[in-house]
Amino acid sequence: MLRNPRYDVLFEPVRIGPVTAPNRFYSVPHSSGMTNRMPRTRAAFREMKAEGGWGVVCTGYVSIHPSSDDSPLPYASLWDDDDVRTFQLMTDAVHAHGALAGIELWHGGGSVFNRTSRLPPLSPSGIAAMPTHLGFMGRVQPRAMDAAAIRELLGMQAAAARRARSAGFDIVYVYAGMGYLPHQFLLPNWNQRTDAYGGSVANRCRLVRELLEVTREAVGDRCAVALRISLEELRALPGEHAESQAHEVVAALADWTDLFDVKMDSGPTDCGPSRFSPEGSHEATMAFVKSVTSKPVVGVGRFTSPDTMVSQIRRGVLDLIGGARPSIADPFLPKKIASGREADIRECIGCNICISSWHEAVPVRCTQNPTIGEEWRRGWHPERFVQAGARDSVLVVGAGPAGLECALTLARRGFDVALADGAHALGGRLLFETGLPGLAAWRRVLDWRRSQLEALPNVSIYLDSRLTADDVREFAPRHVVIATGARWSRMLYSPLEIPVGEPQGEGVFTPDDLAAGAQLEGPIVVFDFDNHYLGGVLALHLAQKNVVTYVTPAGHASEWAVLANERPQVHVALRHAGVELRTLSRVTRFEPGTVTLADLFTGAETRLACRSLLIVGARFGEDRLYNELMREPHQLERVGIESVTCIGDALAPGAIAHAIYSGHDCGRELGAPASEKRYLRDGPLQG
Ligand code: ADP
Ligand code: SF4
């Protein structure tokens with residue numbers, strides 16, 4: 001298909017200092033959870049974006065020296081020649097597709113604790129960054145840097161920049177954002193120095209300017225020098241000669257960089273979940289930058305719509321469209337626009353499962369794109385599928401995320417696929433959940449798969465078809481996949497987290513009851529120990545019409561969601577909705593009219609008026625159909641069914657990302673010979 005001329009502007013080359021980006025699609029630095037111990041995994045992951053048409057592909061944060069050691073979080077390093085070789089894999093792979101490779105050189109300063117290197121952390125004035133944030137709480141304060149330490153830092157940056165050039169990078173960064181060391185120098189709250197590096201805006205910019213200078217000296221005219229800078233707090237500080245200190249800082253540094261890569265100051269604002277941050281949410285903070293500098297500007301905003309991208313460029317907000325999450329959810333986004341296939345873009349849903357991977361120190365995962373991070377280990381290409389030898393028939397029972405993804409993958413491999421669901425529409429859990437407050441964007445999980453399935457001739461869809469084991473045997477396909485989901489239980493736990501049974505009787509509900517249309521009478525208690533999004537979302541939903549108290553044994557609402565950058569906004573939203581919050585509390589008893597809570601540690605009891613108790617806790621796989629079929633193997637044989645596979649929540653209940661992954665895994669491997677099933681183990685390069 002032909003590209004829509006409206007999007008031509010996105011494919012214009014952009015000059016960045018001595019190098020030229022082939023188009024405006026810029027995969028900005030973002031964590032991958034892949035350290036230097038996973039060089040092949042990382043190279044293949046970044047390569048896929050270049051193959052998918054991103055004109056620039058960057059690394060995540062790369063430490064320049066052991067004094068910037070973020071362990072146990074998964075950071076990369078460029079400390080020596082061995083590290084150089086691990087990155088050459090990536091630059092070669094990115095260059096093979098005509099893209100530029102960028103590297104984000106990083107020093108964490110007072111926001112890292114050097115837990116492995118045991119070196120004292122560095123900072124402008126001895127003040128830790130983010131000391132109250134779990135994961136950033138260390139038991140050591142940073143030292144205040146003296147003049148010698150500043151000289152050493154400049155030497156570290158210069159040495160790392162030389163290595164970056166040897167590794168083949170085209171764009172080399174100075175990273176002055178997100179509370180890391182150079183950013184700490186820019187902000188007066190952290191930088192309380194009285195020497196030439198503190199006080200006035202010009203003085204606070206001095207370190208960043210010197211870092212840019214030594215970087216340029218080190219890379220010569222072969223690489224561009226980029227500045228990544230957080231502007232949120234600076235934008236809020238009134239300037240002396242301009243509207244804000246952000247204006248003054250950008251103006252002061254404009255001559256020293258070839259590119260501004262602009263961002264917010266912290267995860268929840270920079271990488272906000274779609275529940276709370278719409279596409280393009282950075283614009284209000286960043287729009288001024290181009291009015292202060294003639295240098296190209298890249299920024300992000302979870303852009304997935306080509307019209308929004310074009311609008312950002314035409315209105316002079318950005319020169320390059322930055323993508324982190326959109327490039328994870330669909331590495332082929334640029335090529336799809338280039339070939340007039342915008343409708344095929346697998347749009348990011350803004351769930352931030354990818355970000356939780358970094359917090360959990362594992363390679364990146366994605367709800368929408370199950371192949372991400374598996375390009376090398378499993379050999380999964382997001383757009384290419386090994387064809388099945390024979391055109392076998394498969395019946396997939398259940399059309400939630402797992403069944404949809406499995407059916408699509410099998411159909412792409414050439415199977416004849418029948419997809420059946422007892423419900424009136426495709427979607428499984430998505431049907432109910434995406435109608436809840438803030439979750440509309442998650443419907444893309446369903447919409448994209450449905451539209452892709454509908455376009456394939458070898459797929460038949462059967463709705464309103466709740467199948468029994470007899471039905472399945474009568475259908476008699478060669479393969480059966482069971483994707484029948486999970487059910488929420490009413491099970492409660494003791495303070496030692498041992499199951500203690502289920503409260504019975506009227507007035508006790510689970511999310512399944514709500515999905516089935518149950519009307520809850522207020523006052524309502526939502527007892528959440530699932531700790532992801534659903535408990536909080538249901539509290540917000542119910543609070544539209546009722547008095548709601550949210551109770552959790554955790555220390556915060558939606559405790560796990562801190563890993564997905566959601567927790568601060570969840571608290572704000574609950575407060576705005578008038579939901580009362582009881583943390584560190586367990587539900588111990590319920591009688592219609594009253595719920596009894598116990599303090600998690602002391603056991604002290606309190607009673608609350610409560611007519612409906614909603615328990616959002618454990619789930620169990622709905623695997624009855626699977627077990628029934630497997631109980632009688634000879635009956636399967638009799639009708640020619642060769643395999644029955646249980647996937648998704650029916651097998652092991654989890655987040656939607658896990659169900660999608662499970663469905664994809666089954667779709668890739670069903671009927672494939674053992675030689676095609678790949679599970680490689682990465683490790684440091686030898687020799
Ligand atoms: P997952 O997240 O694993 O995809 P979901 O709970 O979202 O699971 O979806 C499971 C789907 O399976 C639901 O749409 C449900 O209607 C369907 N389902 C469950 N049992 C049967 C059955 N026996 N026959 C047909 N569909 C079923
Ligand atoms: Fe987007 Fe969610 Fe995938 Fe992250 S995990 S890229 S937020 S869809």
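Author: Glu497 is placed in the loop that runs between strand 18 (486–488) and strand 19 (508–509). The model is a predicted one, and every value given here is computed from it. The phi angle of Glu497 is near 65°, which is a positive value in a residue other than glycine. Glu497 has a relative accessibility of 64%, and because exposed means over 50%, this residue counts as exposed.

Met178 may be set beside it. Its phi is near 55°, again a positive value in a residue other than glycine. Met178 is also a loop residue, found between strand 9 (171–176) and helix 4 (181–186). Is Met178 buried or exposed? The relative accessible area of Met178 is 16%, and because buried means under 20%, Met178 is buried.

A further case is Glu47, which belongs to helix 1 (residues 39–51). Glu47 has a relative accessibility of 26%, so it counts as partly exposed. Glu47 and Ala101 are 54 residues apart along the chain, and their C-alpha atoms are separated by 9.8 Å.

One is the bond from Ser71 to Pro72, which is cis with omega near 10°. Pro72 has its place in the loop between strand 4 (56–63) and strand 5 (76–77). Another is the bond from Gly522 to Pro523, which is cis with omega near -5°. Pro523 lies in the loop that separates helix 19 (511–515) from strand 20 (524–528).

The ligands can be considered next. Which residues come nearest to ligand 1? Of the 21 residues around ligand 1, the nearest are Ala402, Asp421, Arg429, Leu467 and Asp649. Three of these may be described atom by atom. In the side chain of Asp421, an N or O atom is 2.6 Å from an oxygen atom of ligand 1. For Asp649, a polar side-chain atom lies 2.5 Å from an oxygen atom of the ligand. With Leu467, the backbone is involved: a polar backbone atom of Leu467 is 3.0 Å from a nitrogen atom of ligand 1. Taken alone, ligand 1 exposes 580 Å², and the protein buries 90% of that area. The space that ligand 1 takes is the second largest pocket. Helix 15 (401–412) and helix 24 (648–651) are the elements that give two or more residues to the shell around ligand 1. Sorted by class, that shell has nine nonpolar, eight polar and four charged residues.

Ligand 2 has a shell of its own. It is surrounded by 14 residues, and the closest are Cys348, Cys351, Asn352, Cys354 and Cys366. Helix 12 (325–329) and helix 14 (353–359) each supply at least two residues of the shell around ligand 2. Which element gives the most to this shell? Helix 12 does, with three residues. By class, the shell around ligand 2 has eight nonpolar, four polar and two charged residues.

Key. Residues are numbered from 1 along each chain as its sequence is written. Chains are lettered from A and ligands numbered from 1 in the order in which they are written. This is a predicted model: local features need pLDDT of at least 70, side-chain atom pairs count only at pLDDT 80 or more; totals for chains, interfaces and linings use all residues. Side-chain values use heavy atoms; hydrogens and water are left out. A residue is near a molecule or strand if one of its heavy atoms lies within 4 Å of it. A polar contact is a pair of N or O atoms within 3.5 Å; within protein, one must be able to donate a hydrogen and the other to accept it, and residues adjacent in sequence count only if both atoms are side-chain atoms. Accessible areas come from the Shrake-Rupley method with a 1.4 Å probe; for residues, only the protein chains shown count as cover. On a 1 Å grid over the protein atoms alone, a cavity is a set of points where a 1.4 Å probe fits but cannot get out, and a pocket is an open set with protein on both sides within 12 Å along at least five of seven lines; lining residues have an atom within 4 Å of a point. A molecule sits in a cavity or pocket if more than half of its atoms lie within 2 Å of its grid points. Helices (H or I, at least four residues) and strands (E, at least two) are DSSP runs, numbered from the N terminus. Ala, Val, Leu, Ile, Met, Phe, Trp, Tyr, Cys and Pro count as nonpolar, Asp, Glu, Lys and Arg as charged, and the others, Gly among them, as polar. Buried means under 20% relative accessible area, exposed over 50%, partly exposed in between (1.4 Å probe, protein chains only).
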